[in-house]
Amino acid sequence: MMSQQTIQEGKTWAIVSYFTFIGLIIAIVMNIEKKNPFTSFHIRQMLGLILMLIVSNVTEAYVNSWLGTVLWIITFVCWIFGLYHAIKEEAKPIPVIGGKFQDWFRNL
């Protein structure tokens, strides 16, 4: 469980991490020194969302346009979910796959 102070200190960069790939890079750079656990949690979630976006785009281009669009919509809903919980100061993983993102990117 993270303290309220830890969450408050990391909230801004956690939110920034959800604003495009550039925001993610900025959040990663700003979090390198302090290693705020709240920011790190949301950075890992956003990295996973970027992977989901890449999969949806590749699927749309090379597999099936409708399936790719469905995957994109799912990714967008998950992005809203992650951003919403960062704003609400919660470290709640994206349903189904968010826990995997935490495992895969735990070194960040």
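Author: Let us begin with proline 37, which, apart from neighbours within four places in sequence, is in contact with Met2 and Thr6, where contact means heavy atoms within 4.5 Å. This is a predicted model, in which local features need pLDDT of at least 70, side-chain atom pairs count only at pLDDT 80 or more, and totals for chains, interfaces and linings use all residues. Residues are numbered from 1 along each chain as its sequence is written, and side-chain values use heavy atoms, with hydrogens and water left out.

Reader: How do you know what confidence the predictor has in the chain?

Author: From pLDDT, the predictor's confidence in each residue on a scale from 0 to 100: the chain averages 95, and 100% of the residues score at least 70. Confidence is lowest in H2, at a mean of 93, and highest in H4, at 97; such helices are DSSP runs (H or I, at least four residues), numbered from the N terminus.

Reader: Why is proline 37 called partly exposed?

Author: Its relative accessible area is 40%, and the scale, computed with a 1.4 Å probe on protein chains only, calls a residue buried under 20%, exposed over 50% and partly exposed in between; proline 37 is therefore partly exposed. This proline is found in helix H3, and its C-alpha atom is separated by 38 Å from that of asparagine 64, 27 residues apart along the chain.

Reader: What makes leucine 83 buried?

Author: Leucine 83, in helix H4, has a relative accessible area of 11%, so it falls under the 20% limit and counts as buried. Not counting residues up to four places away in sequence, leucine 83 touches Ile15, Tyr18 and Phe19, while its C-alpha atom is 9.1 Å from that of methionine 46, 37 residues apart along the chain.

Reader: And what makes a group of residues a nonpolar core?

Author: The members must be buried Ala, Val, Leu, Ile, Met, Phe, Trp, Tyr or Cys residues joined through side-chain atoms within 4.5 Å. The largest such set has 19 residues, and those with the most contacts inside it are Tyr18, Leu24, Met46 and Leu49. Helices H1 (4-16), H2 (20-34), H3 and H4 each give two or more residues to this core, and the largest share, seven residues, comes from H3.

Reader: Why is the space lined by Tyr18 and Met46, among others, called a pocket?

Author: On a 1 Å grid over the protein atoms alone, a pocket is an open set of points, with protein on both sides within 12 Å along at least five of seven lines, whereas a cavity is a set where a 1.4 Å probe fits but cannot get out; lining residues have an atom within 4 Å of a point. The largest pocket holds about 190 Å³ of space, a volume being the space filled by probe spheres set on points joined across faces, edges and corners. The lining includes Leu49, Trp72 and Trp79 as well, and H3 (37-62) and H4 (65-87) are the elements giving two or more residues to it.
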